[in-house]
Amino acid sequence: MITTGQIIRCKAAVAWEAGKPLVMEEVEVAPPQKHEVRIKILFTSLCHTDVYFWEAKGQTPLFPRIFGHEAGGIVESIGEGVTDLAPGDHVLPIFTGECGDCRYCHSEESNMCDLLRINTDRGGMIHDGESRFSIDGKPIYHFLGTSTFSEYTVVHSGQVAKINPEAPLDKVCIVSCGVSTGLGATLNVAKPKKGQSVAIFGLGAVGLAAAEGARMAGAGRIIGVDLNPKRFEEAKKFGVTEFVNPKDHDKPVQQVIAEMTDGGVDRSVECTGSVQAMIQAFECVHDGWGVAVLVGVPSKDDAFKTHPMNLLNERTLKGTFFGNYKPKTDIPGVVEQYMNKELEVEKFITHTVPFSEINKAFDYMLKGEGIRCIITMGA
């Protein structure tokens with residue numbers, strides 16, 4: 001392509017300060033270096049993680065920055081050493097990676113990676129620590145190695161999943177984070193058997209994806225637990241059959257669920273980040289075979305407290321990262337599940353805005369309106 005090896009000037013939505021609206025700027029995007037690819041982003045989406053670090057509450061602020069990590073696009077050019085991707089490939093950039101060489105990547109039991117594990121503090125590329133974005137020669141920081149709120153971005157090749165070119169990027173772009181996290185937590189980690197009962201704690205995007213996984217697995221009962229009654233009706237589209245609002249009961253919710261299910265659910269998936277919900281999710285599973293899976297990220301000072309007998313009575317507690325999916329190896333298969341009409345993605349998408357109106361997506365999320373907002377880069 002004519003742009004190969006050249007600096008590309010394009011539009012990007014830059015966060016100059018914490019909590020302030022993004023500003024549409026012309027940025028310079030450098031060519032990809034060793035083990036990097038430059039991607040033309042066609043569609044991106046807003047995830048709560050973007051909002052969390054944009055607000056910079058409780059983390060080290062790093063600005064100016066280009067956020068964004070749920071997206072779909074086409075490879076524009078590749079850097080030295082990239083052999084598994086080529087210009088024109090349809091891809092999803094992923095916030096975590098798969099180097100293919102470390103002990104985690106060689107393990108069938110883990111999807112973590114020594115080299116490319118999520119790092120929210122890194123503002124440059126792994127190869128040299130430098131940013132590939134600049135304005136008037138001044139660097140603009142990266143976010144999660146993806147920075148998809150730009151018409152072009154540079155990503156480490158280990159964080160790029162090559163997918164079926166027939167898959168609509170305006171739909172499957174959301175598979176690159178929240179949907180896969182919840183879906184995999186159920187299908188890959190909780191692994192409910194057909195007809196079993198599953199409790200989902202938290203009915204945001206990740207929790208609804210966990211419910212979708214339970215539906216795909218053929219669960220007999222899917223119990224949604226949330227403090228917001230407005231989420232209950234929407235959750236029915238994802239297979240949720242019953243609802244529990246802890247505020248409606250004067251006893252612990254784990255006790256409520258145990259009474260509903262003759263001793264507890266077979267599986268539970270916690271998607272809130274509340275340590276109290278984590279304890280409830282664990283204590284509401286049936287003794288003998290119950291499995292609880294923790295997905296939400298707790299506050300740094302939280303501590304999980306339960307009686308050891310809950311474990312000795314053969315309840316299992318597990319954690320998961322990105323649904324135990326290896327980004328390059330497994331995410332193309334999740335896209336195929338959508339293409340085969342096993343996974344329903346459209347129902348997660350509640351809003352669409354042009355790139356020029358990206359701040360509307362932040363408004364929708366801050367107001368709790370909708371699940372996922374697709375941002376169309378060419379508009």
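This is a predicted model: local features need pLDDT of at least 70, side-chain atom pairs count only at pLDDT 80 or more; totals for chains, interfaces and linings use all residues.
**View 1. What sits over helix α1.** The cover over the buried residues of α1 includes β3 (36–45) and α11 (358–366). Helix α1 itself spans residues 48–55, and its buried residues are Asp50, Val51, Phe53 and Trp54. Look just past α1 and you'll find Ala56, with a positive phi of about 55°.

**View 2. Helix α4 against helix α5.** Here α4 (residues 178–190) meets α5 (residues 205–217), with axes that come within 7 Å and cross at roughly 45°. That angle makes α4 oblique to α5. The crossing of α4 past α5 is right-handed. On the α4 side, the residues in contact are Gly178, Val179, Thr181, Gly182, Leu183, Thr186 and Leu187. Facing them from α5 are Val206, Ala209, Ala210, Glu212, Gly213, Ala214, Met216 and Ala217. Sorted by class, this α4–α5 contact has 9 nonpolar, 5 polar and 1 charged residues.

**View 3. Helix α4 again, now with helix α10.** This time the partner is α10 (residues 327–339), packed on α4 at an angle of about 90° with the axes 12 Å apart. So α4 is roughly perpendicular to α10. From α4, Ser180, Leu183 and Leu187 make the contact, and they meet Ile331, Val334 and Gln337 of α10. The tally for this α4–α10 contact is 4 nonpolar, 2 polar and no charged residues.

How values were computed: Residues are numbered from 1 along each chain as its sequence is written. Side-chain values use heavy atoms; hydrogens and water are left out. Axes are lines fitted to C-alpha atoms, for helices over the stretch in contact, and angles run from 0 to 180 degrees between N-to-C directions. Helices (H or I, at least four residues) and strands (E, at least two) are DSSP runs, numbered from the N terminus. Angles under 35 degrees count as roughly parallel, over 145 as roughly antiparallel, 65 to 115 as roughly perpendicular and the rest as oblique. A crossing is left-handed if the near helix is turned anticlockwise from the far one by less than a right angle, and right-handed if clockwise. Contact means heavy atoms within 4.5 Å. Ala, Val, Leu, Ile, Met, Phe, Trp, Tyr, Cys and Pro count as nonpolar, Asp, Glu, Lys and Arg as charged, and the others, Gly among them, as polar. Buried means under 20% relative accessible area, exposed over 50%, partly exposed in between (1.4 Å probe, protein chains only).
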